[in-house]
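Hi there,

Here is the structure I promised to pass on.

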Amino acid sequence: MKNALLGLSLLTSSVWSPISGGITTPDGFLAAGISAGLKPSGKKDLALLFAPENAYCSGTFTQSVTRAYCVDLCIERLKASGGKIRAVVINSGHANACTGSRGKIDSEIITYELAQRLGLSDDEVLICSTGVIGEPIPVEKVNSHLDRLINNLDKEASLDAANAILTTDLQVKQIAYQAVLGGRLITIGGMAKGSGMIHPSMATMLSYITCDAGVDHVLWSDMIKRVAESSFNSITVDGDTSTNDTFLAFSSGAELDPRYLSTLEEGLHITAQYLAKAIARDGEGANCLLEIKVAGAQSDLDARVISRTIASSSLVKTAIHGSDPNWGRIIAALGRAGIFFNINDVKLWIGPYEIFSHGTPLGFDRQIVSNFMKARLKGKYLIDDLISIRVEVGMGNGTATSWGCDLSDEYVRINADYTT
């Protein structure tokens with residue numbers, strides 16, 4: 001894993017500081033990650049996140065009609081328990097999506113067995129699955145390793161858990177931040193997985209956040225929805241939404257003074273955006289992080305639609321991969337976003353270079369801009385590998401930022417023979 005302190009370059013707050021750690025860094029949270037033989041590679045493939053008593057959990061999920069049953073189970077149990085969730089078991093290698101009635105039965109069997117061992121009710125246990133669609137979970141293998149999984153629960157096992165949820169990821173994704181709020185040291189931790197099939201329509205692939213500040217469940221749920229929009233709903237790799245996308249966030253501990261809720265939410269946004277950027281940067285075969293910043297729209301929603309349209313354009317992404325400042329592709333994507341604007345108001349920058357202004361292309365040195373892009377494509381992971389495209393579309397107050405990556409021939413190779 002890249003050291004959590006790499007998040008320093010992405011930090012936008014003077015209050016929240018990145019620290020080493022992950023999902024178990026906040027007080028009271030435990031995790032485990034083991035190999036249960038679910039992956040042929042023998043790598044870790046089964047994780048468990050265990051929350052303190054009286055923790056509240058909220059989540060956002062894929063809007064896909066072909067979603068896996070584990071998503072339905074999470075939604076149902078969050079509602080039934082009023083957010084009082086204690087454990088989340090996560091298996092990688094098998095999405096357990098589109099597997100008929102077996103998908104439902106298998107998810108319920110595993111969570112029942114885990115609940116029995118932990119002394120919990122079924123409604124306090126969730127399951128998340130990731131892997132190949134149509135592949136059912138090897139239930140016997142999972143259940144035979146539950147005792148070992150529980151015995152491995154540990155305050156220091158965040159990295160084990162973060163490794164166990166990966167599929168085609170090239171990088172482990174975990175982070176932690178701390179701040180002093182009202183004289184209390186508050187910690188937020190997170191982990192995520194995702195590399196391909198990334199174009200969330202609610203949240204993300206699989207992502208988890210923990211926090212040791214107590215917040216009213218209704219307020220917490222509202223926060224998490226806003227956090228998802230500014231992070232996991234603002235990334236794209238390949239335009240495909242997963243059947244299993246899940247984002248779960250836990251709040252635990254003494255209730256935070258309401259005066260500091262906005263600062264806490266800022267920390268949640270920073271944590272989620274770090275994880276979201278790490279997912280976008282880790283796109284299969286990707287060489288850089290692509291950032292699309294839009295300003296001047298009539299609303300933030302309009303700006304988000306524009307930025308995400310540009311970020312998801314295959315032609316823009318391939319141009320980025322080739323270090324080709326083909327700005328016409330950006331303008332074309334802008335034009336098909338479905339948002340009204342006057343072309344005579346549009347301004348466009350690639351990095352620090354203004355390319356287009358008030359409906360007219362500007363003279364610029366293509367080689368200089370291309371060299372700028374090439375340097376970023378060879379930059380260090382999440383340090384100096386960012387190519388930023390900035391677009392102004394008018395005089396409105398709407399702004400938004402989306403993140404993506406370049407599209408390479410390696411992406412085609414990986415996904416051409418994914419199951420063969």
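**Notes on the model**

Helix H7 (residues 261–281) is 21 residues in length, and the distance from its first C-alpha to its last is 30 Å, close to the 30 Å expected at 1.5 Å a residue. Of the 21 residues of H7, 18 are buried, so the helix is largely enclosed by the rest of the structure. Please keep in mind as you read that this is a predicted model.

Next, the sheet. In what order do the strands of the open sheet of 6 strands lie? The order is E14-E13-E12-E15-E11-E16, and the pairing is mixed. The edges are taken by strand E14 (360–361) and strand E16 (398–405); each has a single partner strand, so one side of each is left without a neighbour in the sheet. Strand E11 (residues 289–297) and strand E15 (residues 386–392) run parallel, with 7 bridges joining them.

Most residues other than glycine have a negative phi. Asn 54, although not a glycine, has a positive phi of about 75°. Asn 54 sits in the loop between strand E3 (46–50) and strand E4 (56–61). Asn 96 is another non-glycine residue with a positive phi, near 55°, and its place is the loop between strand E5 (87–94) and helix H2 (101–118).

Which of these asparagines is buried and which is exposed? Asn 54 is exposed, with a relative accessible area of 53%, whereas Asn 96 counts as buried at 2% relative accessibility.

Strand E5 and strand E6 (125–132) each supply at least two residues of the lining. Sorted by class, the lining of the largest pocket has 6 nonpolar, 7 polar and 5 charged residues.

That is what I have for now.

Best wishes

Notes:
Residues numbered from 1 in each chain as written. Predicted model: local features only at pLDDT ≥ 70, side-chain atom pairs only at ≥ 80, totals over all residues. Heavy atoms only, no water. Pairing = 2+ DSSP bridges. Helix = DSSP H or I, 4+ residues; strand = E, 2+ residues; numbered from the N terminus. Buried < 20%, exposed > 50% of the residue type's maximum accessible area, 1.4 Å probe, protein only. Expected span 1.5 Å × (residues − 1). Nonpolar A, V, L, I, M, F, W, Y, C, P; charged D, E, K, R; others polar.
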